[in-house]
Amino acid sequence: MQTGPGITDMPESDMARPLLERDHGGSVGPWGPSSGGTVGILGTGDFARSLATCLLCSGFKVVVGSRNPKRNAGIFPAEAELMSQEEAVKRAELLFVALYKEHYCTLRSLAGPLAHKILIDVSNNQEVNTKGESNAEYLASLFPHSTVVKGFNVVSAWALQSGPKDGNKQVLLCSNCPEARSHVAGIARSLGFTPVDMGSLSSAREIENIPLRLLPFWKVPLVLALGLFLFFYLYNFVRAVLHPYLIENQNKFYKMPLELLNITLPCVSYVLLSLVYVPGVLAAFYQLRRGTKYRRFPHWLDQWLLHRKQIGLVSFFCACLHALYSLSLPMRRSARYLLISDAVKQVKAGAGDAWVEEQVWRMEIYVSFGIMALGLLSLLAVTSLPSVSNSLNWREFTFIQSQLGLGALLVSTLHTLAFGWNRAFDGKFYKFCLPPTFTLTLVVPSAIILARVALLLPCAHRRLMRIRRGWERRSSAQIMTPNRMEEAPESSSTL
């Protein structure tokens, strides 16, 4: 790798220094609990109370500034000193501003005492800020002689009370002063959180928008699951309810609340599981076709790769619901009536034994593969949790999510084939000329399995491994001179 002048001229000690330094002498920085520094809090809301408790438990001295100290004296721990805002500002050099943006103006009279002090803005907005200055930048404009740090806004009051072990441990920090970021990072470490340096104060708007985004990576998987559910539910409704009603004059609308759902959920789960592994196969074929890994995938494929975890978890959720619905099927009143009706018909027909060997074996194999598939999906879901995945090395995580994931897809395919058995070749199972539902669900998974088998062939596997280790085809490894930059169809980027 070539190095530019800016890198080679940098002292080696600077290269080895971490972005957020940790003091190895027992204190985490100038504002660690062992330094004797006092931390101030301006505000008496829920977040301020939880923050005061957390700081006290971590060994800090805490002063709380309130406009009405007597009224709020009983809601804070006894160790926290409750006083007026003016007194709190004088006592502390670092203060948490736990106020809403519209209340910042009440601090203008304290502009003089707040000069040259660090203000940590923990506020959030009511809606996503798409334009305009952030709360932290507004606070900095009100107090130009103070140092404003944006941080702790992604941490809830509940997380402060229960500790970071039960929630996200990251605390995003940004400020125009690196020293101030380092001080606040020390406090975050003392409280058990992991500070993440986001750079200058211009990043505050992005940090403030994070708590307001509602499941940003889950919208596409949920919409996809909902679309598949509606399609398969309507398809099964036409076959299992509408066809008997119109053709055979049988009323089977009672199947809609339970049985149709139980038929639809495994279809959605199975297709979603296969969609988790489609982008990996497409990415492999893209790299084989281009002969390099240093070209970006199409945007839609990049987004698909980013959403694989969420798609897999939705697939697991649908599989769990399918298992619960299947267990509840015998408890239905309709199932009891049908069982009694079949027994009466058997007695009238004089049949002594209703045992059908083929159906028994089919159901035994079908249930067995279903249990194994659900077990593998459970393993995939558990290992996707950060607390579990962090305890695995990269090879272990890849083996579980890739090899065992494909194993789950294969077992699910066998589960589906055992359910279908020979129904795909029996004309009586085609309603309105529509094939059984399981035949539709087999299309994508079968294509994925065949594609994976093709990629395991020695000719394709060896070439793909060479590409992923950095080998490039000559036509793809041409040097991009300034005169040829405009001719390049896509920008080069490491995947």
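Select residues 219–247 in this predicted model. These 29 residues form helix H10, whose first and last C-alpha atoms lie 40 Å apart, close to the 42 Å expected at 1.5 Å a residue. Centre the view next on Val238, where H10 kinks by about 35 degrees. Beyond the helix, pick Asn249, which follows H10 and has a positive phi, near 55 degrees.

Turn now to the sheet. Eight strands build an open sheet with mixed pairing, and their order is S3-S2-S1-S4-S5-S6-S7-S8. Select 81–84 (strand S3) and 194–197 (strand S8) to display the edges; each of these strands has a single partner, so one side of each lacks a neighbour in the sheet. Viewed across the sheet, the average twist is 30 degrees from one strand to the next.

For the pairing inside the sheet, select residues 38–42 (S1) together with residues 94–97 (S4). These two strands run parallel and are joined by four bridges. Which residue of S4 is the bridge partner of Leu42? Highlighting Val97 shows that partner.

Finally, select residues 178–190 for helix H8. Helix H8 lies across S1, S4, S5, S6, strand S7 (170–175) and S8. With S7 also displayed, the angle to inspect is that between H8 and S7, about 165 degrees.

Technical notes:
Residues numbered from 1 in each chain as written. Predicted model: local features only at pLDDT ≥ 70, side-chain atom pairs only at ≥ 80, totals over all residues. Heavy atoms only, no water. Expected span 1.5 Å × (residues − 1). Bend = angle between axes of the 7 residues up to and from the residue. Pairing = 2+ DSSP bridges. Axes fitted to C-alpha atoms, helices over the stretch in contact; angles between N-to-C directions. Contact = heavy atoms within 4.5 Å.
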